[in-house]
Structures are given as structure tokens and as C-alpha cells.
Amino acid sequence: MSDDVADREIAAEQALVDRVYAQLENSSAAAARLATEGHERGRLGHEGGLVERDAMVFQAARRMAQLDAAHEGLVFGRLDMRATLDPEPRYVGRIGLRDENRDSMLIDWRAPAAAVFYQATAAEPNDVVRRRVLRCTGPRVISVEDELLDPEADGADRLPIVGEGALMAQLSRARDRSMHSIVATIQAEQDKAIRAPSRGVVTIAGGPGTGKTVVALHRAAFLLYNERRRYESGGVLIVGPSGVFMRYIERVLPSLGETAVALRSLGEVVDGVRATRHDEPAVSDVKGAARMAEVMRRAVRQPVPTAPHEFRIFYRDDTIVLDRQKLSSLRRQLLSEGPRNRQIPRVASSLLDVMWRQVRGERGRERGREEFNAEMLGNDRFVGFALEWWPPLDAARVMDWLRDADFASRVSEGVLDHEEQALLHKSWQDGDLSIEDIPLLDELRYALGDMPEKTDSENEFTDHLGGDLQELTTASDREFSSARAWRPPTFRIEDDPFAHVLIDEAQDLTPMQWRMVGRRGRTASWTIVGDPAQSSWPIPEESDTARNAALEGKKLHEFHLSTNYRNSSEIYDYAADYAKRVGLDADLPTAVRSTGIEPTQVGPVVDLSASVRAEVDRLAGEVSGTVGVVVPVARRAEVNAWLASWPEFADAAPSAAASVAGGTPSGEDRIVVLTGLDTKGLEFDGIVVVRPQEIEDESQTGRAALYVVLTRATQLLSVVS
């Protein structure tokens, strides 16, 4: 195909793209006019006008956001169909657009009419003669890539075929610090998962580089398009392994016109709480175990450590005593009837029942129960005791109790051994929550229950003491917040569930994390993405049990992706050989791209710093995208210091450290230092692996972690050992 033909085809497509962008501007102007009209309705001076204003402004704002997000790569596909079916080509884009006559100019990629763009193959063309992918920069068409799917169709010989294939062109593109949509190059097996039934659970499995994550994100966009009312009103929760990963994927859905999603790392699933650091592997294994649910259950059932153990008061002729035994019996009775905080309205009446049974004097009995209740509820000593004995509790306060070794030992007895208890005690002494603490906090929150809302029909305890209860809760929150830099969740437990839950790197979730996420998806549909061979959790059977409990009763739809689009075949063969050698039961996809460049092994080395520097220098000079330097956890600070001391990398070092710690690095920074766990779900043009044996040795699942690291590179891999 000559350059002249390619230029003519590009010019013809540019004319169409220009018309589409002109219509986009018209649509944006119409949305702006709708917003203006909505604000005018709000000035009518009656409630109906305010309702109309809110509805019109909301719809206009949503449409404008959708149109703004679609600007980049708005038009990306063209289908030339058999003339007897559709004489005009179909254009496929990020959103749907109609012209002023309401005729379709652009088909939304999620619409049924666009499905054939992804599903047609040379073996089954589905009436598609030619499929064309338009590659654009903003509104400018810079190239086209064609596939002739039905050469026997009438007129096929007159269709020019340009380029060498859109998919391979996409695969060779340099990586930056963000994941991009694959909306123009979705393959048939990926499209089946994207368009799977909305109800139940869709699992997307496959080895490294098969596009599991980006397919799952496109599925979320597809669901929002097809059942918008359901998923926008209920919400879509996307959970990933780390803050680094969530920043990596955060642009995908907005680029597809969808913003009605909550993106949270595992350290951010609970509203109002954010943790960015991991515990050491041995500690993580304890905190993630299903046994910790019993430890948390016991913790919320304990007496408040600072609460009084006895209460004495004189009433008429009797000395009334609430001793340790009576209080313990009453506590067990209350806890048998529901979550602790839910029992608050019943505490006063329950205490008064026990106390009234001790009133035997004639004067007390003559005055009756009603006067006894009134006198006790008006007594500051009784009020103070009741508040101290059964205060409203938040999860943070109970978590603080667990920092006391004696308390933690008491609730862990028979569940955790002494070594495990010691690991927990040591981890909780620095005061900062870890990512592995968040499910424990959530477990406490659900075990405690919400504070009940006060109503006129509730008993005298909340009627008389509501103000004191509120002050006590506020003081407790303030006390913990100042010490731990933490704020308790602001929404109620029953508000947690979402309409759809998407879990990426699901093989890494601990049993406690499955319990946490499962609460958010009790009535939801699910998309679950993972590869068991990449798991960082050492007891998969225990995790599977927790996962099955979270998904109980939901219909399962399973999809498997078999093609590795990320790695060159040379890099993936190296990683697959490692997986076989160390006995990983790995799903080994087929890598479709070859560069002719084998991975480099450097070592043994005398000067580790100099060797790492030389390899980073080399890779940064040979690729135009990102370079990841993957290190053992114990060497992260050391390698960051090396980067900071090298003049040519001085600007990159702070951002590398920030990305590990949860900061937001600049999109222009090319070099980043990460641990093996941090690389989950990410990809780089080049990877330098530092001390692989140490990465393998640092946890029970170190071999799986190193396998993951070896599959992160798209073009160049260097191992410094």
C-alpha cells in the first residue's frame, strides 16, 4: 500500500472525524443551555421549580462530563458491512452521537450494534468485510489500521487495506504511568467477558499480561451503559491491591465516559480510613487469617477496660449493689440479644430491673417502680455509672484496647498461639494502622453495630441521656483521633452495600479481606479478576472458603483469557521457565509478540549499587517509557537513596519513593522503585530486578511474588543477582 493511498484514507476519515467533533461541540452547547435553563427554573419561587432545577442541572452536568471525557480518541472504529445489510459504514466511538436530524453519526462501543466490531474474525466475519481502527491525537487522525475479514464479499477488492494491524501497533506502544483503555483493540475472548450477563458473578482468569484488569474495567463501563439507573443509584465499587495500582488505573473509566464509580485500594475500603503500609509477611499472615474474626468478636464483648466494676447507691431503706457478678451476667444477657451499640437504649432499663429487685424496704416499695426509675435517672451518680459502664463504642476505641498486651492475650487465648500474639502486640505499638488492620477495624465495626437513632418511643435512657451520650462519643472520637490521626466512618453500616463490586488481584485477598469486601456486595453483582499462581496469601483453601461465603447463592459465569499481550515472548518464556522450575502451578498464556531481545542476567556482582545503576542507565536509554526497579522490602530505602545520589536520576528518586509510600508521582517520571508486592497489576517498558533470591525468601509466597515481578516488563528485563 503506497503512502498516497494511506494519506487519502486518512484525509477521508479526518473529514468524518471533523463532523463528529463539530456535533460534539453542538451537544456540549446544548448541555450548557440545559444547565442555564435549569438554574432559571430555580428562580420560579416554588418547590416544583427547585425540583426541575436540580434534575435539569444534574442531567446537564453529567452529559457535559461525559462529552468532556470523550474528547481524546472520540472516534476509533469503522465497520464496512456487506452492502445488502448496511450500505453505509458504521463508526464506533467512546460515546454515541446523533446529528441534527437524529441520525446516528457514532455508535457507543457498548451498544449492541457495536459488539460485532470486537467479535468479528476472519473465521466468522459476521457480515463485516473490513474493520478499521482510527488512531487519533485529539481531533486529528494520525493513522489507520485495517483488517480484511471477508475477502470474498462483493466489493471487497475495491476496499483499500492500510497498516499492519491495530493490535500489534498498540502492543508496541511505550508505557507511561497510567493504564489506558483498550476500547479500540478489544479481542473476541475479552469481549465475551465484557458483555457477560450482569447478574451473578463473572470471574476473569488468566495468566500475566492477558488484559484481565482492563477487561474488567471495560465491563464496569459496559454495565453502567446498559443498566445505568441500577448501577449509578447503587454504586460501583472497584477494589485493587494498592494505592499505586489505583492511580495506575484511575483514568480508564473516565476515558470511557464513566465517573460513577468508587476506586479504593484494600487500605481504603472502609470510609474515613486510609492505610498505605503493609505489615511484615509474618504479621500479615496472622491478621489475615479467618481466626481473627473470633478475636474481634471476643474483643467487643469484653467489659470496657476503664469501666467501673461495681455501683452502690442507697434508696430509701435499701443499699442497692451492682457487683461484678451481676454486671457480668447482665452484659452477657444484653450481648446475646444483638450488637453492643444496638443495646444502648435497653441498658438503663436493664440496670434498673436488676436494681429494683433489690428494693425490699416498705418505703421504697410503696413509692413504686415508676418513681424509682425517675429518681435513678435523675441521679448524676447513676447516669455517670451507666455511661461509663456501657458507653457507645466505635471500632477505633476497641482497636486501641487491643494494643494492651493483657487485653489482647485474653481475647486471643485458644485462638492464637503465644508467638502470634507477640507478633500482633509488636505490630500495634507504633499506633499507625496498616493495610492488614483495615479488615479488623471493619470486623469490629460490624460486631459493635451502629448507634441506634433516637425516637420518641425509645426508653428513658436515651430520652434522658441523649446529650451526654453524644458528648461522650465525641470525646472518645477526639481522643483517638488526636493519638492515631484517624476519623471514624461517617455512614451507617446498612449503607455499605454497592450494586456492583469489582475485585482485582483477587487471589491476594486474605480471608479477613474477603469478609470486609463481601459486606459491600451482599446484594451486588460481581466481577472477580485473578490468577492463583500470583497469590501472595499462603493458605488458598482458607481464602476460598471466605470467598465462597461472600458470594453464596450467586450464579457464576467463568471466563478465561489465554493470550499474553503484555510481555515479549522472550520475557514471558523466561518467567514461565522460572515458574516451572520452582513448582508454581501457573496458568501459562501464549505471548503473541517477539522482540528478539532476551532478558539479561547480571551477577554475581561485587558493587551492587554500581551494577544496578548501569542496568537502569542501559534500560532507560533503550526504551522511551517507564523503568521499574524492583527490590526486596529491606532494600527499598537503600535503593531510593542510590537514586537520589545519582545526578541524572535525582528528579526521579523522590517520585519513586512517593509512589511506594502512596504519593502521586508526576506522569513524566520514568523511573520508579517498588517492592514485589507493589508491582501487582502494573507494567513497565523495562524492569530491573534487584536481588531476586531475597525477594523469593522474604515471605512464604516469595516464589509467586518473584514470578509476578518477572512478568511486569513489556520490552526489556534485567536481573541483578
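Before going on, a word on what you are looking at. This is a predicted model, where local features need pLDDT of at least 70 and side-chain atom pairs count only at pLDDT 80 or more, while totals for chains, interfaces and linings use all residues. Residues are numbered from 1 along each chain as its sequence is written, and side-chain values use heavy atoms, with hydrogens and water left out.

Back to Ser718. It lies in strand E21. When I say helix or strand, I mean DSSP runs numbered from the N terminus: helices are H or I with at least four residues, strands are E with at least two. Is Ser718 buried or exposed? Ser718 is buried, because its relative accessible area is 0% and buried means under 20%, with exposed over 50% and partly exposed in between, using a 1.4 Å probe and protein chains only. Leaving out residues up to four places away in sequence, Ser718 touches Thr600, Val602, Glu615, Arg618, Leu619, Ile687, Val688 and Val689. Touching, or contact, means heavy atoms within 4.5 Å. Arg618 is 100 residues from Ser718 along the chain, and their C-alpha atoms are separated by 9.8 Å.

Let's follow Arg618. Its side chain meets that of Glu622 in a salt bridge, 3.7 Å from N to O. A salt bridge is a side-chain nitrogen of Lys or Arg within 4 Å of a carboxyl oxygen of Asp or Glu. Both residues sit in helix H24, residues 608-622, four residues apart, about one turn of the helix.

Pro604 belongs to the loop between strand E17 (600-602) and H24.

Now, how many salt bridges does a search of the whole structure find? The total is 47. One of them joins the side chains of Arg363 and Asp317, 3.2 Å from N to O. Arg363 is in helix H14 (residues 362-377) and Asp317 is in the loop between strand E10 (311-315) and strand E11 (318-322), so this pair links distant parts of the chain, 46 residues apart. Arg363 is partly exposed at 42%, and Asp317 is partly exposed at 39%.

Another salt bridge brings together the side chains of Arg369 and Asp353, at 2.6 Å from N to O. Arg369 lies in H14 and Asp353 in helix H13 (residues 344-356), so the pair ties together parts that are 16 residues apart in sequence.

The loop between E10 and E11 also holds Arg316. Arg316 is not a glycine, yet it has a positive phi of about 55 degrees. At 17% relative accessibility, Arg316 counts as buried.

Next, please find helix H23, residues 569-581. It has 13 residues and reaches 18 Å from its first C-alpha to its last, close to the 18 Å expected at 1.5 Å a residue; that expected span is 1.5 Å times one less than the number of residues. Among its buried residues are Ile571, Tyr572 and Tyr578. Which elements do the buried residues of H23 pack against? They pack against strand E15 (563-568), strand E16 (590-593), helix H27 (692-697), helix H28 (702-710) and strand E21 (713-720). So E21, the strand that holds Ser718, turns up again here.

Finally, the whole chain. Its secondary structure comes to 28 helices and 21 strands. Buried residues make up 55% of the 721 residues. Of the contacts with a separation of 6 or more, 76% are between residues 24 or more positions apart.
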